[in-house]
Amino acid sequence: MDASSPVVRTIVLLGPVNLIEFSFVLLGVSVLAGMLGSLLGLGGGFVIVPVLTLVFHLDIRLAIGTSITAVAATSSAGAARNVAESITNLRVATFLALATTIGAVTGALLSGVFDARFLFALFGTVLGISGVQMLRRKRPSRGRNDPVRTLTAPVPALQAARVDKSTAESTGRNGDLADRLALHSAYYDVAQGVEVPYVVAHTGLGLALMYLAGTVSGLLGIGSGVLKVPAMDLAMHIPMKVSTATSNLLIGLTASASAVVYFARGDIDPLIAGPVALGVLVGATQGSKILVGIRAERLRVLFVIALGVIAVQMLWKGIA
Amino acid sequence: MRAAVGRVLHAGVLASAVILLSGYLVSLVQDPAAFGSHAVEQAHLRARASFPHSLVAVWNGIGRGSGEAILVAGVLALILTPVAGLLTGAVAFARRRDWLFTAISATVLLVILGSILIGSLTP
């Protein structure tokens with residue numbers, strides 16, 4: 001924490017601030033960051049690292065350690081609800097965790113080696129790419145709640161699954177691995193009122209992509225659901241709903257693996273990580289309830305612009 | 001199995017929150033000067049700071065009733081809640097005699113526990 005930080009100066013102007021009051025400031029800011037993250041569909045990590053470094057002038061490794069703690073907490077709370085709803089594929093999550101956790105440890109170790117400026121530049125770049133992706137994702141679903149997507153998603157997934165089973169049988173290997181691990185499953189689609197079976201494909205490719213996603217997560221302190229969901233949805237042909245729920249569980253395990261490295265290194269300060277993790281958790285899980293009625297689509301454009309500004313600022317800190 | 005994993009995750013988050021809050025309370029009672037007077041302590045808010053960050057140090061700190069160690073334990077509980085979920089899954093796989101997935105869960109567990117060692121060995 002830099003004494004010249006504008007926030008610190010503001011707090012000091014308000015009067016003598018002790019650590020308890022400082023914790024409450026962090027808690028409040030984190031609730032907002034969690035709400036913003038869940039509204040954007042990016043998670044809290046993408047918001048909390050820029051807030052802690054740009055606004056509070058925190059060392060970026062300390063900010064990443066704090067963020068990854070918040071990610072583990074938020075994932076646990078979200079997964080606790082998801083898992084019981086039987087959409088999550090526990091076998092897929094457990095198997096892919098082999099790759100994400102090893103990736104996470106790699107990332108956490110790399111972040112200890114890389115220069116802080118490089119971390120800023122990398123964070124800014126990943127943030128910018130995510131912002132562009134969000135804009136592109138927005139276009140196809142013009143509807144308010146995109147029920148069309150939930151209705152149509154299982155059909156191509158099923159078709160893909162059928163095609164893939166035949167190709168897997170002809171080409172062998174990948175299909176074999178998913179068969180031997182018994183990864184295939186089914187989920188109950190509420191919108192259609194039917195049980196939708198699916199066949200998991202390209203397990204090896206999925207594993208490789210998950211290693212990468214884990215590394216990015218451990219390096220930057222983000223959940224990297226942005227990478228995990230496509231790895232399951234696009235590469236492994238797992239239905240979107242199942243991918244999202246399974247990714248949520250996987251994010252927690254991945255965060256744990258890198259968080260213990262940050263913790264053992266002393267990069268997780270309890271007085272910062274405690275209030276921030278609880279704040280992000282509350283903001284992310286309760287945010288959707290509080291923000292009911294807000295036209296998320298309209299706000300999204302504003303947020304994407306804000307995201308772009310933050311990305312440029314992070315990049316600038318890396319270059320300047 | 002799903003329900004059990006869900007319950008463990010939920011309980012882990014709640015327990016962590018309780019430990020964190022009691023850590024604040026104990027710190028406040030124990031050392032009101034450190035918590036109540038100074039603005040924002042420079043030393044505290046820097047990387048590789050003075051708080052305990054090894055399992056042994058945290059354990060000993062809790063034994064002494066140190067508020068700071070309790071706070072660290074709360075953060076540690078948050079970090080390790082997903083691991084508790086994994087452990088619950090491993091037990092459920094073992095009960096079903098699904099040895100392949102019991103072994104996979106155990107390997108993931110070893111990776112995470114091993115990374116504590118790796119982390120504490122790196123400067």
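What percentage of the 320 residues in chain A do buried residues make up?

Tutor: This is a predicted model, in which local features need pLDDT of at least 70 and side-chain atom pairs count only at pLDDT 80 or more, while totals for chains, interfaces and linings use all residues. Residues are numbered from 1 along each chain as its sequence is written, and chains are lettered from A and ligands numbered from 1 in the order in which they are written.

Buried residues account for 55% of the 320 residues in chain A; a residue is buried if 20 or more other C-beta atoms, placed from the backbone, lie within 10 Å of its own, exposed if 12 or fewer, and partly exposed in between. Chain A contains 14 helices and 2 strands (DSSP runs numbered from the N terminus: helices are H or I of at least four residues, strands E of at least two). Of the contacts in chain A with a separation of 6 or more, 80% join residues 24 or more positions apart, where contact requires C-beta atoms placed from the backbone to lie within 7 Å.

Helix α3 of chain A illustrates the interior. In α3(A), 9 of the 11 residues are buried, so this helix is largely enclosed by the rest of the structure. Its buried residues are G45(A), F46(A), V47(A), I48(A), V49(A), P50(A), V51(A), L52(A) and T53(A). After α3(A) comes H57(A), with a positive phi near 55 degrees.

One neighbour of α3(A) (residues 45–55) is helix α2(A) (residues 19–40): the two pack at an angle of about 140 degrees, with their axes 8 Å apart. The orientation of α2(A) relative to α3(A) is therefore oblique, and α2(A) passes α3(A) in a right-handed crossing. On the α2(A) side the contact is made by V29(A), S30(A), A33(A), L36(A) and G37(A), and on the α3(A) side by F46(A), V47(A), I48(A) and V51(A). By class, the residues of this contact are 7 nonpolar, 2 polar and no charged. On the terms used here, axes are lines fitted to C-alpha atoms, for helices over the stretch in contact, and angles run from 0 to 180 degrees between N-to-C directions. Angles under 35 degrees count as roughly parallel, over 145 as roughly antiparallel, 65 to 115 as roughly perpendicular and the rest as oblique. A crossing is left-handed if the near helix is turned anticlockwise from the far one by less than a right angle, and right-handed if clockwise. Ala, Val, Leu, Ile, Met, Phe, Trp, Tyr, Cys and Pro count as nonpolar, Asp, Glu, Lys and Arg as charged, and the others, Gly among them, as polar.

A further helix pair joins α4(A) (residues 60–84) to α12(A) (residues 240–265), at an angle of about 150 degrees and with axes 8 Å apart. That angle makes α4(A) roughly antiparallel to α12(A), and α4(A) passes α12(A) in a left-handed crossing. Among the residues making this contact are G65(A), I68(A), A72(A) and A79(A) of α4(A), and A245(A), L249(A), G252(A) and A259(A) of α12(A). The contact comprises 11 nonpolar, 10 polar and no charged residues.

Chain A also has a strand pair. Strands β1(A) (residues 185–189) and β2(A) (residues 194–198) pair in the antiparallel sense over 5 bridges, pairing being assigned if DSSP finds at least two bridges. Within the pair, A186(A) of chain A stands opposite P197(A) in β2(A). The two strands form a hairpin with 4 residues between them, and G193(A) in the turn has a positive phi of about 75 degrees.

Finally, the partner chain. Chain B has 5 helices and 0 strands, and 40% of its 123 residues count as buried. Within helix α1 of chain B lies Y24(B), which is buried, with 21 other C-beta atoms within 10 Å. The C-alpha atoms of Y24(B) and I70(B) are separated by 8.3 Å, although these residues are 46 residues apart along the chain. Where the chains meet, the contact takes 57 residues from chain A and 54 residues from chain B. On the chain B side, α1 (2–30), α2 (32–36), α4 (67–95) and α5 (99–121) are the elements giving two or more residues. The largest share of that side, 13 residues, comes from α4(B). The side of chain B that touches chain A divides into 32 nonpolar, 19 polar and 3 charged residues.

How values were computed: Contact = placed C-beta atoms within 7 Å.
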